[in-house]
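My notes are below, in the order I made them.

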Number of protein chains: 2
Amino acid sequence: MLKLYLAPGTCALASHIALAEAGADYTIEKLDFKANQQNSPDYLEINPKGRVPSLVTDRGILTETPAMLAYIAQTFPQAKLAPLDDAFAFAQVQSFNSYLCATVHVAHAHKGRGPRWATEETSFADMKRMVPKSMGACFALIERKMLKGPWVMGETYTICDPYLYTIALWLEGDSVDLAGLPKVADHRKRMAERPAVKKVMAEEKV
Amino acid sequence: MLKLYLAPGTCALASHIALAEAGADYTIEKLDFKANQQNSPDYLEINPKGRVPSLVTDRGILTETPAMLAYIAQTFPQAKLAPLDDAFAFAQVQSFNSYLCATVHVAHAHKGRGPRWATEETSFADMKRMVPKSMGACFALIERKMLKGPWVMGETYTICDPYLYTIALWLEGDSVDLAGLPKVADHRKRMAERPAVKKVMAEEKV
């Protein structure tokens, strides 16, 4: 049995969807970010970084979305969530997910997580003002060069899709206009219709 | 034949070392960051993100260090650079590399890449002042919780090691005191003695 620590509205949604798509036997445990539960002593024992997601397995605890997504794809090969027998195609999947993690999510995080990188209120406000532009540029690149369609990697659904969906849900909050991103908007709609996504969205809302 | 686009002093060093450790047949091409060559039309055709590293393979171009490192490990299995037959152990390797990419490298980047996330000189200065603290916190966590020793994953050298070495080389420039990081300092020294690392450092300097 796998156990996923998450907080609704966070990037943990990507791993949550992947677990559901894989048909994994899992439970979820929600952290209350408003109560700063991610920095409680109990949770820091699970993940000393004080972040979500964390995935408790019978071998130990895993963190970091790209690593967890690849792990889910590899441990549930029958779900065909990644091209496991083709190192180049697998690297393309990983490259996309690494871009989401290290560039796109980081651009978004400057809206509300300024104290990670600066100390002054004026800097936080400046960072926040930049987010529509930086997230807009990231998604323009995804729209033009990366999202093959209908799924990220083309005809085959992979672990890139729940991750893109998760971050694309932040676009309105980041004041990025979806009208300029028809492929991303179509992808989001297509994702929302998947049974696994409906199940997971309901689980996160309860 | 693989071709690696790099710039000396950047995170491309990690993939460069991994190629040498793998015994790969590769060439390197250096970009002049001072001349902004990473944003030239020719290079943007190779990597539209305008970043290094990029790895040209006979199947196409790969970007993003964690993806490239896993690709090198998978395509040169005889070099044993990752636990390829153990999904959990492989995920631990990938988790470490994802942390370096999305948290540690990002903390460092706030020293000189402020315009990615803000517009005001005062914000850039504020971000820059924070780097010794944020990089110090990242490396304190690596020292205490992540670097098993003698290599990152314990007794076996993996693709985590060249990546940690690469980013640890930035510590003095980021005003983080190595005296408080004896395991990291030992790792850096051990890495510098490896024949592949000596070869690569010479190639980047020429």
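These entries cover the symmetry, the chain contact, the domains and the cores.

**Ground rules.** I am working from a predicted model, where local features need pLDDT of at least 70, side-chain atom pairs count only at pLDDT 80 or more, and totals for chains, interfaces and linings use all residues. Residues are numbered from 1 along each chain as its sequence is written, while chains are lettered from A and ligands numbered from 1 in the order in which they are written.

**Symmetry.** A rotation of 180° with 0.0 Å of shift along its axis does it, at RMSD 0.0 Å (least squares on the C-alpha atoms of residues with pLDDT of at least 70 in both copies). That is the relation of a two-fold axis. I found that 100% of the contact residues of chain B recur in chain A, so the same surface serves both copies. In chain B, Ala102(B) comes closest to the rotation axis, with its C-alpha at 2.0 Å.

**Chain contact.** I took contact as C-beta atoms, placed from the backbone, within 7 Å. On that basis 37 residues of chain B are in contact with 37 residues of chain A. I then listed the elements of chain B that give two or more residues to this side: β4 (60–63), α3 (65–75), α4 (87–109) and α5 (121–146). Helices (H or I, at least four residues) and strands (E, at least two) are DSSP runs, numbered from the N terminus. α4(B) supplies the largest share, 10 residues. By class, I read 19 nonpolar, 12 polar and six charged residues on the side of chain B that touches chain A (Ala, Val, Leu, Ile, Met, Phe, Trp, Tyr, Cys and Pro are nonpolar; Asp, Glu, Lys and Arg charged; the others, Gly among them, polar).

**Domains.** Chain A splits into domain 1 (2–80 + 197–205) and domain 2 (87–194); the bounds come from an automatic or database domain assignment. Their C-alpha centres lie 19 Å apart. Each of the two domains of chain A puts 12 residues into the contact. On the domain 1 side, α1 (12–22) and α3 (65–75) of chain A give two or more residues. α3(A) gives the most there, six. That side has 11 nonpolar residues, one polar and no charged.

**Cores.** Which residues have the most contacts inside the largest nonpolar core? They are Ile72(A), Ile159(A), Ile72(B) and Ile159(B), in a core of 124 residues. Such a core joins buried Ala, Val, Leu, Ile, Met, Phe, Trp, Tyr and Cys through C-beta atoms within 7 Å; buried means 20 or more other C-beta atoms within 10 Å of a residue's own. A second, separate core of eight residues includes Trp117(A) and Met127(B).

Definitions and conventions:
Buried ≥ 20, exposed ≤ 12 C-beta atoms within 10 Å, placed from the backbone.
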